[in-house]
Amino acid sequence: MITQFKRRIGLAAGIIRLVSNVPAGLGGLVEHITFGSYTLDPEVGNKEPVYYYDEESRTSYNSVELKNDGLREFIEKELIGKRDEFLKLKAQGCRIRISLAPRKTGDLAKMVAVVNEYWTKIGDIVDEIEVNAACPNHRDESGSLHPVLAKDPEALKVLMREGRDLLCPKAIKIAPDTDRGCLRTCVNLAIELGYSTIVSANTRLTNTPRDSHGNLHLSRDKCGKGGAPLLEGAVKQVLILCEMIREKDTHLPKPQVIGCGGVMSES
């Protein structure tokens with residue numbers, strides 16, 4: 001029973017970026033592992049420290065940013081270069097998901113072209129591509145959050161339409177505390193454009209906590225907030241999405257929902 005329950009749990013993007021980061025035996029416990037998120041071009045990310053956990057409030061904070069070597073590098077060095085290691089994970093019953101984080105309008109369309117270019121070589125490894133519209137530390141050159149990550153139905157439309165031509169099952173990951181109008185837009189577009197999954201909640205943008213001397217716990221003034229404070233809202237958002245999907249009258253396939261956010265421990 002415990003093993004069966006654990007198989008319904010997966011790892012969200014941001015925790016594992018390379019197959020060498022996967023602990024031995026993990027593929028036999030979790031339903032899926034999401035690698036990423038990856039940007040079109042390499043990103044240096046934030047300097048340390050990037051993680052902080054407040055025991056009293058059971059709140060986690062991170063300002064990892066989008067540190068990675070870029071999508072093409074990941075595909076060539078990891079998915080193709082370490083193919084056998086990914087196949088071992090799949091042999092354990094673990095699905096492989098890849099998360100893409102576009103930095104600006106047009107990036108996702110270019111990433112779709114890169115994925116499709118390599119699809120004959122990686123199609124038997126990758127089970128789903130996730131479009132990350134919920135990264136709380138995803139910024140443009142000015143240091144501001146990019147509009148594509150705002151809870152804006154029009155921005156979501158632009159982003160999701162750029163991903164429509166992926167040659168594999170695709171998911172859209174949305175932020176917590178998203179209003180009903182934007183949630184309904186997401187559901188409608190997911191059905192219209194063939195997104196197989198909606199990943200709900202993730203982390204919330206907040207100010208980095210400070211110590212008793214006023215020093216930042218993390219390297220940036222803004223960070224992602226997770227853990228206990230997100231639990232109630234994360235569950236509510238999943239329930240709203242499921243209700244909207246269930247009530248949708250359509251002959252087209254409906255997306256599944258993955259709840260993300262509010263997790264406080266591995267147990």
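**Salt bridges and parallel strands in a predicted model**

Colleague: Which residue forms a salt bridge with Arg 103, and how far apart are the closest N and O atoms?

Modeller: Arg 103 forms a salt bridge with Glu 43, and the closest N and O atoms are 3.3 Å apart. Arg 103 lies in the loop between S5 and helix H4 (107-117), while Glu 43 lies in the loop between strand S2 (32-38) and strand S3 (51-54), so the pair ties together parts that are 60 residues apart in sequence. Please bear in mind that this is a predicted model.

Colleague: Is Arg 103 buried or exposed?

Modeller: Arg 103 is buried, as its relative accessible area is 16%. The cut-off for buried is under 20%.

Colleague: How many salt bridges does the structure hold?

Modeller: There are 14 salt bridges in the structure. One of the pairs is Asp 107 with Lys 104, whose side chains meet at 3.3 Å, N to O.

Colleague: What is the relative accessibility of Asp 107, and what is that of Lys 104?

Modeller: Asp 107 has 3% relative accessibility and counts as buried. Lys 104 has 44% and counts as partly exposed.

Colleague: Which residue forms a salt bridge with Glu 154?

Modeller: The partner of Glu 154 is Lys 157, with the closest N and O atoms 3.1 Å apart. The two residues are 3 apart in helix H6 (residues 153-162), so about one helical turn separates them. Glu 154 is partly exposed at 48% relative accessibility, and Lys 157 is partly exposed with a relative accessible area of 25%.

Colleague: Staying with helix H6, is Leu 159 buried or exposed?

Modeller: Leu 159, which has its place in helix H6, is buried, with a relative accessible area of 2%.

Colleague: Let us turn to the strands. How many residues of strand S6 are buried?

Modeller: Strand S6 (residues 128-132) is mostly covered, with 5 of its 5 residues buried. Glu 128, Glu 130 and Asn 132 lie on one side, and Ile 129 and Val 131 on the other; all are buried, and both faces of S6 are therefore covered, given that buried means under 20% relative accessible area.

Colleague: Glu 128 and Glu 130 are charged residues. Which residues are linked with them in a network of salt bridges?

Modeller: Arg 97 and Lys 173 are linked with Glu 128 and Glu 130 in such a network. In general, side chains of opposite charge can pair when their charged atoms come close.

Colleague: How many bridges join S5 to S6, and how many join S6 to S7?

Modeller: Strand S5 (residues 95-100) is joined to S6 by 4 bridges, and the two run parallel. Within that pairing, Ile 98 has Ile 129 in S6 as its bridge partner. On to strand S7 (residues 170-174), S6 is again joined by 4 bridges, and these strands also run parallel. Here Asn 132 has Lys 173 in S7 as its bridge partner.

Colleague: How many bridges join S7 to S8?

Modeller: There are 4 bridges between S7 and S8, which run parallel. Ile 174 stands opposite Ser 200 in S8. Strand S8 (residues 197-201) is mostly covered, as 5 of its 5 residues are buried.

How values were computed:
Residues are numbered from 1 along each chain as its sequence is written. This is a predicted model: local features need pLDDT of at least 70, side-chain atom pairs count only at pLDDT 80 or more; totals for chains, interfaces and linings use all residues. Side-chain values use heavy atoms; hydrogens and water are left out. Buried means under 20% relative accessible area, exposed over 50%, partly exposed in between (1.4 Å probe, protein chains only). Two strands pair if DSSP finds at least two bridges between them. A salt bridge is a side-chain nitrogen of Lys or Arg within 4 Å of a carboxyl oxygen of Asp or Glu.
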